[in-house]
Amino acid sequence: MKADTVNLAQVFGLNTRYYVPLFQRPYVWQKDLQWQPLWEDILAAATRLTDESTTNDHVAHFMGAVVVDQEVRANGPAARMVIDGQQRLTTLQLVIAAARALAVEHKDEVTTKKLEALIFVPEYLLNDPTDRLMLVPTNSDRAAFRAAIEHDGIAAVPVPKDDSTHVLRAYQFFREAIQEWVLDPTDGDDPVTKLRALAQALWELLRLVVIALEPGDDAQAIFETMN
């Protein structure tokens, strides 16, 4: 195994698609235990970028570890299976998508494009341009996840009444939290300034330890050991 500490641009910005295998559980993170603490950490990082001081602008927030299988290359983008950490990766994708939706609303094309680079595979790498998600979740979450990332949380058809609806609740939480901060006039910063700070924080200041498997590593055994 090879372990590196990287930011989200080095995880999602390398045109590698991540697949959550069928043996992974559905999305289960919750507001009080995970969403709210994560948002508070992200907000702190973004706020440091908008205050008058520059001494703490580069303070990073570490989010733990994820384990990915060896990279596979075929026609299209490179691909990795997510062995452990899919809850983190899924949540981060939802945060990025929610921020992108607000950037679209505020007609901030710079931030929109910057955030899209972290959730969509570039079209030139795809045989089917509609199949562009950077993260492909397990089957039970797929419809809700696509609705969140592609359609601002609005499903084209009803999603199955199972754990997949939890994805949409997470997306809505982050969208509302970001919107509340962006529109808060008390700090004197305009919405676009805040959105660009948030995008920079998401690109640079959130760190993960990515453990990449190498030839000979047993992915299933490693997953069982870590869980």
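Reply: Helices (H or I, at least four residues) and strands (E, at least two) are DSSP runs, numbered from the N terminus. This is a predicted model, in which local features need pLDDT of at least 70 and side-chain atom pairs count only at pLDDT 80 or more, while totals for chains, interfaces and linings use all residues. Residues are numbered from 1 along each chain as its sequence is written, and side-chain values use heavy atoms, with hydrogens and water left out.

Me: Is Leu118 buried or exposed?

Reply: Buried means under 20% relative accessible area, exposed over 50%, and partly exposed in between (1.4 Å probe, protein chains only). Leu118 has a relative accessible area of 0% and is therefore buried.

Me: Which residues is Leu118 in contact with, leaving aside its neighbours within four places in sequence?

Reply: Contact means heavy atoms within 4.5 Å. With those neighbours left aside, the contacts of Leu118 include Leu8, Phe12, Ile96, Met134 and Trp203. Leu118 and Phe12 are 106 residues apart in sequence, yet their C-alpha atoms are 5.0 Å apart in space.

Me: What is a nonpolar core, and which residues touch the most other members of the largest one?

Reply: A nonpolar core is a set of buried Ala, Val, Leu, Ile, Met, Phe, Trp, Tyr and Cys residues joined through side-chain atoms within 4.5 Å. The largest here has 65 residues, and Phe12, Trp39, Leu94, Ile178, Leu198 and Leu202 touch the most other members. Helix H3 (86-105) is one of the elements that each supply at least two residues; H3 gives the most, with eleven.

Me: How many salt bridges does the whole structure hold?

Reply: A salt bridge is a side-chain nitrogen of Lys or Arg within 4 Å of a carboxyl oxygen of Asp or Glu. A search of the whole structure finds nine. In one of them, Asp131 pairs with Arg17, the closest N and O atoms being 3.6 Å apart. Asp131 lies in the loop between H4 and S5 and Arg17 in strand S2 (residues 16-19), so this pair ties together parts that are 114 residues apart in sequence.

Me: Which residues are linked with Arg17 and Asp131 in a network of salt bridges?

Reply: The network also includes Arg132, Arg146 and Glu150. Glu150 forms a salt bridge with Arg132, at 2.9 Å between the closest N and O atoms, and another with Arg146, at 3.6 Å.
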